[in-house]
Amino acid sequence: MNPNTPLRLLLGPQRPVVNLGKAMTDAGIGGGRIAVISAAWQEAEGDIDDIRALVDNELYDLPLYRRAEALFEADKSLHEAYRNRQDQLIEQQNMYRLRLRQLTIAARVILRAEGNAAAIAEERRHAISQLRALDRHHLRQINRIYERFEDAFAVDRSGPLAEHVAAIQQDLDGTDTVLITGGNVVVLMNRLQLFGLGRLLSRMNIIGWSAGAMTLCDRIILFHDRMPQGRREPEVLCNGLGIVPGTVLLPNAKNRLRTRETVRSSLFSRRFAPATCLTLDNESVLLMQDGKVSDSESVRHIARDGTFARVKVV
Amino acid sequence: MTPALKKLLRKSAPSVSDVDAFVSENAFPLVDGTDVTFVYRGAAESVNLRCWISGLDTAQPFQALPGTDLWATTIELPKGSRIEYKFEVTHQGHKNLILDPLNKVIAHDPFGANSVCQGFGYERPEWAKHDPLSRVGALESRRFESRAFKEPRDIQVYLPATFRQNRRYPLLIVHDGDDYLRYADLKFVLDNLTHRLEIPSMIVALTQSPDRLKEYAGNDKHAQFLVDDLLPFMTAEYPLMDSVDSRCVMGASFGGVASLHAAWRYPEHFGSLLLQSGSFAFSDLGRHSRGPVFDPVVRFMNEFRKHPGRPADRVFMSCGVYESLIYENRSLVPHLQAKGVDLRFEEARDAHNWENWRDRLRIGLSWLMPGPAWLVYE
């Protein structure tokens, strides 16, 4: 593998069928040491024996969740600011959700409307552009909240945070591949962001499954059409690391999305365009290098008309 | 009359083989839209449908179908309904209460079993069935000394599949826990809903009273048992979250009364309640007519209705519309809402039975204790 063109191996949930080992072999990932980020498992972070049994490489735990806990313990002012930031993010997400619901309902009704084709097409465009504008506004607000925190606690300043960041960099020395597991995407993204790992990881080969893959996108989109209390509208959570640009990754789409509801899917696709919405189901493998897809047999993208179609391999 | 019966009776005297074919070719009871026809085959002087449905006569008489050994009766059952029933067959002067011999769908409860009529549109929820993909939690039996009852008490404790000693979990306390496991498939439900992230991984204390009609009937000793015996035991033995909103108590029928009573006697100990078909009998005037076993319940409920306090922040209630208790359950809603309780009340086209309570568990548990499905992408 050429270290100048790092490889992205993106997988779906590793249940019920585990395809991690085979996908790594097929992708030609060599036998070097691999750092495992399992912060998305929270307190179960580092419990990676199951993964060790699947791959021949030497794996080691890169603890971000535990490091964050230790950092919070050591730096009370940072912890306080972090909590405040999280409260602000939740408040912002709640306000966004309120507005989003109304706009999405309207957009779906208009997408289903029949009658004067030209007038309806115009209204559709406008309804979708309103949604996109709301998403952009929300992301701007979210970014401002993050920036305020980062201005106060920059990773390159001295202090406990900088010490942890230096220790993580040291842990990654001599490693060219990192594996990011699935799990709680908010917890994972917060830890990756807290330690400013985006730039560092972008130079490495990355294997990511589910939440681990989602964090690599430009934006993280939360979605679930089958919640017990009824469906929720897909929500922009925050920016991702931007390592897999131009894509929205949808783990376990088969179970989480109502894929036969084409109006709903069409709205999903058009709302997040020009990014390509790609499914990552159990057994899916998406291999990318230089931003190009080289293996995607098991991956579908949501077309503009709401159908799910095979991804064209470049 | 259903088309299948009409076809059979078109002949003036259907032969035995015609009746055999009719019986083997159809599923019973015969469901034709909202008309449900129950059929009994055999010698009898009379046959009655017994289904203990509030709103229907206690015993619906069957009619003998001329020229056959069949008996039938038809009732109207709204879409999505589910009822439990038995046949009361009188033969040679003897009355027998039996399961429907032509219907294999049976529901069990602590008193035995009933045949089940699944009306048009009813489906047993798939999340309540065994799912081989769901990771399986563990049940362990525990015994501890109860100061309230001055004797040791046995409970079962459910630990989620991903249980780890270094994590903290919410606590759910279940009245009639063994019955919920046996008759409402609670283990499958917990495994499935946890696996699907619809509820958080939680620790569940399943209690079973040796004398539920006494201990669950608004009994102070039982409330003391939950708060002074069970909670400290669970806190000492298991890694529990320590906030009030991470503790939920649930129960059905008298178990619903016990849950509400404990939360009322000890406010700010339980964040949420799940009350299924609670036996919330009360009397605004004069005496109640539900029998002496309800006396302490009525005393408690009358007191509660005067001074409801705020037993919990969130309450999920459910009740079948074919239960006589629907009136008492509905009337409890405004009392709780007036105190600012975040309340959700679900009515079901079902009666006072375990499968009704099973079928409402997903909506109730996931509303009171929402899981991380929205944020977790495994």
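**How chain B meets chain A**

In this predicted model, B:Val376 of β19(B) is the bridge partner of A:Asn184.

Reader: How much area is buried between chain B and chain A?
Author: Contacts first: 18 residues of chain B touch 33 residues of chain A. Carbon and sulfur atoms give 55% of the buried area, and the total is about 2000 Å².

Reader: Which residues of chain B lose the most area to chain A?
Author: Three residues together make up 45% of what the chain B side buries. They are B:Trp374, B:Tyr377 and B:Glu378.

Reader: What is the distance between the closest N and O atoms of A:Arg15 and B:Glu378?
Author: Three salt bridges are counted between the chains, and A:Arg15 with B:Glu378 forms a salt bridge. The cut-off is 4 Å, so the pair qualifies, with its closest N and O atoms apart by 3.5 Å.

Reader: Which element gives the largest share of the side of chain B that touches chain A?
Author: The elements giving two or more residues to that side are α11 (361-368) and β19 (376-377) of chain B. The largest share is four residues, and it comes from α11(B).

Conventions:
Residues numbered from 1 in each chain as written. Chains lettered and ligands numbered in written order. Predicted model: local features only at pLDDT ≥ 70, side-chain atom pairs only at ≥ 80, totals over all residues. Heavy atoms only, no water. Contact = heavy atoms within 4.5 Å. Buried area = accessible area lost by both parts, 1.4 Å probe. Salt bridge = Lys/Arg side-chain N within 4 Å of Asp/Glu carboxyl O. Pairing = 2+ DSSP bridges.
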